[in-house]
Amino acid sequence: MNEVESKIAIVTGAVRGIGKATSSRFKREGITVIETDLLPDQDKRETYEELLSDLKNQFLIHDVSEENSWKEVVGQVLKKFGKIDILVNNAGIGTLQDFEKEDERGWETMLSVNAKSIWLGIKSVVHAMKEQKSGSIVNVSSIFGASGGFGMSASYHASKGAVSALTRNAAVRYAADNIRINTVSPGFIKVLREEKTIEEAGDNMSQGIISRTPMGRWGNASEVASAIHFLASPESSYVTGAELFVDGGWMAT
Ligand SMILES: NC(=O)c1ccc[n+]([C@@H]2O[C@H](COP(=O)([O-])OP(=O)(O)OC[C@H]3O[C@@H](n4cnc5c(N)ncnc54)[C@H](O)[C@@H]3O)[C@@H](O)[C@H]2O)c1
């Protein structure tokens, strides 16, 4: 299949974690993926150079919290491929700060990177998707957008609640344009944190996480990628505005 016949997908935050697993899954399914992410700090450039050599020029530097950056990315993709079939709004940041420790700057950064980015992402691609009369957008939220969690990470909870609410609103707004918009909300997923998985790093919440997760284990990024692929693909053609929890049963308790 050549690139014109292939589905064209943008995956944000694609250099690691859930974004990387999603991009790999999409590629295995024959989807052409444009991977986007921030340019990392100088001290992490070496790893980045290795990644870049794997990405075969399908990588774009992108700050999802900046509208101009979205314009640049979407413009380049449309110029090269002429369409955008799928957008996965995956990039995000986290924090453990609770209500009293959070400060105004932290709050604003969190809401900007995790929530404003979803609005900007949808806004940036819907014009092309409306012209195509088709499109699928998957927003990555969290169980913390729909639960009180451990009573920490106040701004993160607020940002993910916004992702889920905005998904439902956008799904209604664009349903008649045949653009489906859904959320995947992961529970606790093993991803690298400073070269260790959270599980290996043995953070304080680890035991609490496992004991409160009915399936009694962490999830894998590939398990989230499967759910994202389902919602991005025609397999879910009558699903829009939905929130699919990939959480080992956390939200069922
Ligand atoms: N890992 C989990 O347990 C978990 C649980 C629930 C939800 N999530 C959500 O899944 C998504 C992916 O998380 P992950 O665990 O893979 O995280 P991660 O930190 O491994 O990867 C996130 C990626 O997003 C990128 N990013 C951060 N800010 C950005 C910006 N402004 N512009 C562009 N890219 C940016 C980072 O550079 C990184 O490559 C996030 O939205 C996160 O909130 C993760």
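Tutor: A residue counts as buried if 20 or more other C-beta atoms lie within 10 Å of its own. The model discussed here is predicted.

Student: How many residues of strand β2 are buried?

Tutor: Strand β2 covers residues 32-37 and is mostly covered. T32, I34 and T36 point one way from β2, and V33, E35 and D37 point the other way. Both sets are buried. The count for β2 is therefore, by the cut-off of 20 or more C-beta atoms within 10 Å, six of six.

Student: Which residue of β2 is the bridge partner of I8?

Tutor: Strand β1 comprises residues 8-12 and pairs with β2 in the parallel sense over five bridges. Within β2, the bridge partner of I8 is T32.

Student: Which residue of β3 does T36 stand opposite?

Tutor: Strand β3, residues 59-61, pairs with β2 in the parallel sense. There are three bridges between β2 and β3. In β3, T36 stands opposite L60.

Student: Which helix gives the most to the shell around the ligand?

Tutor: The ligand is surrounded by 25 residues, the closest being G13, G17, A91, G92 and I189. The shell divides into twelve nonpolar, ten polar and three charged residues. With three residues in the shell, the helix that gives the most is α1, residues 17-28.

Conventions:
Residues are numbered from 1 along each chain as its sequence is written. This is a predicted model: local features need pLDDT of at least 70, side-chain atom pairs count only at pLDDT 80 or more; totals for chains, interfaces and linings use all residues. A residue is near a molecule or strand if its C-beta atom, placed from the backbone, lies within 6 Å of it. Helices (H or I, at least four residues) and strands (E, at least two) are DSSP runs, numbered from the N terminus. Ala, Val, Leu, Ile, Met, Phe, Trp, Tyr, Cys and Pro count as nonpolar, Asp, Glu, Lys and Arg as charged, and the others, Gly among them, as polar. A residue is buried if 20 or more other C-beta atoms lie within 10 Å of its own, exposed if 12 or fewer, and partly exposed in between; C-beta atoms are placed from the backbone. Two strands pair if DSSP finds at least two bridges between them.
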